Amino acid sequence: MAVAEHTGQDGAPAEAGYKTPAQAEHTPAPWVPTVIAEDLHIVYRVYGGAKGKGSATAALNRIVRRKPGGNMREVHAVRGVSFTAYRGQAIGLIGSNGSGKSTLLKAIAGLLPAESGKVYTDGQPSLLGVNAAMMNDLTGERNVVLGGLAMGMSREEIQQRYQEIVDFSGINEKGDFITLPMRTYSSGMAARLRFSIAAAKRHDVLMIDEALATGDKKFQKRSEKRIRELRKEAGTVFLVSHNNKSIRDTCERVLWLEKGRLMLDGPTEDVLKEYEKFTSK
Ligand SMILES: Nc1ncnc2c1ncn2[C@@H]1O[C@H](COP(=O)(O)OP(=O)(O)OP(=O)(O)O)[C@@H](O)[C@H]1O
Ligand SMILES: [Mg+2]
């Protein structure tokens with residue numbers, strides 16, 4: 001493992017070998033924690049689910065004998081995750097489908113309560129997901145304004161940055177789509193607009209859940225560049241992706257989750273090497 005030049009306040013990042021370009025390129029700043037998770041557990045409670053086996057007879061039995069209230073099932077999605085994220089870091093979150101990545105981000109954003117353990121965040125975390133709330137019946141234009149307001153921008157600020165947001169999204173490259181309702185957009189177009197709105201603002205903690213996956217190559221390149229800039233603006237960026245290349249290109253640290261547990265936390269190359277071994281099995 002490479003040893004970082006800067007010795008952290010508590011020694012942790014330097015020991016782990018993370019390089020933080022934002023800090024290496026500018027004046028070496030002390031390591032400032034932005035997100036701390038401490039033995040975090042998240043449990044979903046699902047009502048109306050059923051216990052039992054997946055066989056057809058078992059399913060039939062369940063349907064016939066269904067109780068009025070149904071059963072309550074628990075899904076233990078995050079199991080004892082601990083880490084500290086620092087200002088200026090871009091952190092990749094990887095792991096198989098259902099391993100708890102989105103759940104962890106929601107918990108950091110304060111959208112899900114912890115069953116036990118704690119999450120501390122410094123500043124306002126913003127979660128940008130493929131399902132981020134947008135009004136499908138409103139035009140792209142109206143959604144830019146709504147999204148901006150939701151992130152705490154003033155109307156003037158939104159007006160100033162409007163053109164920049166639309167240009168960055170590239171929505172209008174193939175015609176005047178920004179004045180059409182969002183429901184007429186392809187999933188890639190919608191994801192691009194969401195990312196562009198979120199990226200227009202400086203974030204303390206920006207979490208991006210697969211938003212880049214649906215964009216085309218050209219847009220991916222552009223957004224990766226923007227992620228690097230956002231990171232330089234002293235925020236912390238979390239990026240969930242199943243594309244190891246985007247993780248390599250944007251993140252210097254990676255958290256690998258599997259079945260809700262943190263398998264590895266370290267410099268991108270080290271973690272991806274192990275993950276690739278695991279996924280090629
Ligand atoms: N709203 C919910 N209610 C109940 N269980 C849920 C809910 N959302 C997720 N889960 C469960 O929690 C676990 C973790 O899901 P999560 O969405 O965090 O995975 P993920 O790592 O983001 O997966 P993917 O790569 O497919 O996006 C899964 O077992 C899933 O079934
Ligand atoms: Mg997910």
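Entry 1: I began with a pair of residues: Ile 208 stands opposite Leu 239, which belongs to strand S7. A reminder to myself before going further: this is a predicted model.

I then looked up what S7 (residues 236-240) pairs with. Strand S6 (residues 205-209) runs parallel to S7, with five bridges. Strand S3 (residues 90-94) also pairs with S7 in the parallel sense, over four bridges.

Is S7 covered or open? It is mostly covered, as five of its five residues are buried. I sorted them by side: Thr 236, Phe 238 and Val 240 are buried on one, Val 237 and Leu 239 on the other. A side note on the pattern: in a regular strand, side chains alternate between the two faces of the sheet.

**Entry 2: the core.** Which residues have the most contacts inside the largest nonpolar core? I noted Leu 93, Met 207, Leu 239 and Val 254, in a core of 59 residues. Helix H7 (residues 187-199) contributes the largest share of this core, eight residues. As a general matter, nonpolar side chains in soluble globular proteins tend to be buried together.

Leaving out residues up to four places away in sequence, Val 254 touches Ile 91, Gly 92, Ile 94, Ile 247, Gly 266, Thr 268, Val 271 and Leu 272.

**Entry 3: the hairpin.** Next I checked strands S8 (residues 253-258) and S9 (residues 261-267), which run antiparallel and are joined by six bridges. Trp 256 has Leu 264 in S9 as its bridge partner. The two strands form a hairpin with two residues between them. In the turn, Lys 259 has a positive phi of about 50°.

**Entry 4: one lysine.** Why does Lys 245 count as exposed? I get 11 C-beta neighbours inside 10 Å for Lys 245, so it falls in the exposed class. Lys 245 sits in helix H9 (residues 244-250). I also took a distance: the C-alpha atoms of Lys 245 and Leu 272 are 10.0 Å apart, with 27 residues separating the two along the chain.

**Entry 5: around the ligand.** What surrounds ligand 1? My list reads Tyr 44, Val 46, Val 75, Ala 77, Gly 95, Asn 97, Gly 98, Ser 99, Gly 100, Lys 101, Ser 102 and Thr 103.

Strand S1 (33-49), strand S2 (71-86) and helix H4 (101-108) each supply at least two residues of the shell. H4 gives the most, with three residues.

Entry 6: I counted ten helices and nine strands in the protein. Of its 281 residues, 36% are buried. Among contacts between residues at least 6 apart in sequence, 71% join residues at least 24 apart.

The mean pLDDT is 84, and 83% of the residues reach 70 or more. By element, S8 has the highest mean pLDDT (98) and helix H2 (residues 21-25) the lowest (49). Over residues 1-11 pLDDT stays under 50, and the model has 21 contacts beyond four places in sequence for this stretch. My reminder for such places: where pLDDT is low, the predicted coordinates should not be read in detail.

How values were computed: Residues are numbered from 1 along each chain as its sequence is written. Chains are lettered from A and ligands numbered from 1 in the order in which they are written. This is a predicted model: local features need pLDDT of at least 70, side-chain atom pairs count only at pLDDT 80 or more; totals for chains, interfaces and linings use all residues. A residue is near a molecule or strand if its C-beta atom, placed from the backbone, lies within 6 Å of it. A nonpolar core is a set of buried Ala, Val, Leu, Ile, Met, Phe, Trp, Tyr and Cys residues joined through C-beta atoms within 7 Å. A residue is buried if 20 or more other C-beta atoms lie within 10 Å of its own, exposed if 12 or fewer, and partly exposed in between; C-beta atoms are placed from the backbone. Two residues are in contact if their C-beta atoms, placed from the backbone, lie within 7 Å. Two strands pair if DSSP finds at least two bridges between them. pLDDT is the predictor's confidence in each residue, from 0 to 100.
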